Amino acid sequence: MPSLADGGPAALDGIGSRSRADRWGAYAAAITRWEKLTRPAPEPTEAGGRLRADFVEWMQGLDDGWVTATPGLGRPAQLTALGNGVVPQQAARAVQLLAPPFPRCPRCTAV
């Protein structure tokens with residue numbers, strides 16, 4: 001049986017799956033998984049169809065208002081900051097994969 005982790009039908013169980021599937025389409029399972037790890041997803045677009053900065057902030061796993069609550073930063077600047085930013089989870093994984101193992105210091109282990 002597919003689980004929440006692999007995006008199967010279980011990912012939509014108990015969260016009004018029909019309306020969610022209609023709203024998010026092919027991304028419903030991924031949105032649901034990320035909501036369970038973070039917080040409810042904000043609307044992705046404004047009434048005119050423009051991308052909302054708080055949705056991008058949510059997708060990147062940043063705290064609510066991390067960029068969007070910065071005083072004096074308008075929507076274009078928020079989207080620029082988010083687009084030029086680093087997704088913390090990806091950065092942490094990259095460091096894990098790319099950093100060489102730290103060798104034990106021979107002087108530190110000598111007694």
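Predicted model: local features only at pLDDT ≥ 70, side-chain atom pairs only at ≥ 80, totals over all residues.

Q: Changing topic: what pLDDT does the protein average?
A: The average is 84, and 80% of the residues score at least 70. Residues 1–17 are a stretch to treat separately, with pLDDT below 50. Beyond near neighbours in sequence, that stretch has 22 contacts in the model.

Q: OK, on to the inside. Which residues make up the largest nonpolar core?
A: That core has 6 residues: Trp24, Ala28, Ile31, Ala41, Phe55 and Trp58. Another core, of 5 residues, lies apart from it, and includes Ala53, Val56, Leu62 and Leu82.

Q: What does Ile31 touch, again not counting residues up to four places away?
A: Ile31 touches Trp24, Ala41, Phe55 and Trp58, along with Arg20.

Q: Which residues of helix H2 are buried?
A: In H2, residues 28–37, the buried ones are Ala28, Ala29, Ile31, Thr32 and Glu35.

Q: How do those buried residues fall when H2 is seen down its axis?
A: They fall within an arc of 165°, so they line one face of the helix.

Q: Now the rings. How many aromatic pairs does a search of the whole structure find?
A: It finds 2. One of them is Trp24 with Phe55, which is stacked, at 5.8 Å centre to centre and 10° between the planes. This pair links distant parts of the chain, since Trp24 sits in helix H1 (residues 17–24) and Phe55 in helix H3, 31 residues apart.

Q: And what about Phe55 and Trp58, how do they pair?
A: They are stacked too, with 5.6 Å centre to centre and 25° between the planes. Phe55 and Trp58 are 3 residues apart in helix H3, so about one helical turn separates them. Ring pairs link Trp24, Phe55 and Trp58 into a cluster.

Q: Why does Phe55 count as buried?
A: Because its relative accessibility is 6%, and buried means under 20%. Trp58 is buried as well, with a relative accessible area of 1%.

Technical notes. Residues numbered from 1 in each chain as written. Heavy atoms only, no water. Buried < 20%, exposed > 50% of the residue type's maximum accessible area, 1.4 Å probe, protein only. Helix = DSSP H or I, 4+ residues; strand = E, 2+ residues; numbered from the N terminus. Arc of directions from axis to C-beta. pLDDT = per-residue confidence, 0-100. Contact = heavy atoms within 4.5 Å. Core = buried A, V, L, I, M, F, W, Y, C linked by side-chain atoms within 4.5 Å. Phe/Tyr/Trp six-rings, centres within 6.5 Å; stacked < 30°, edge-to-face > 60°.
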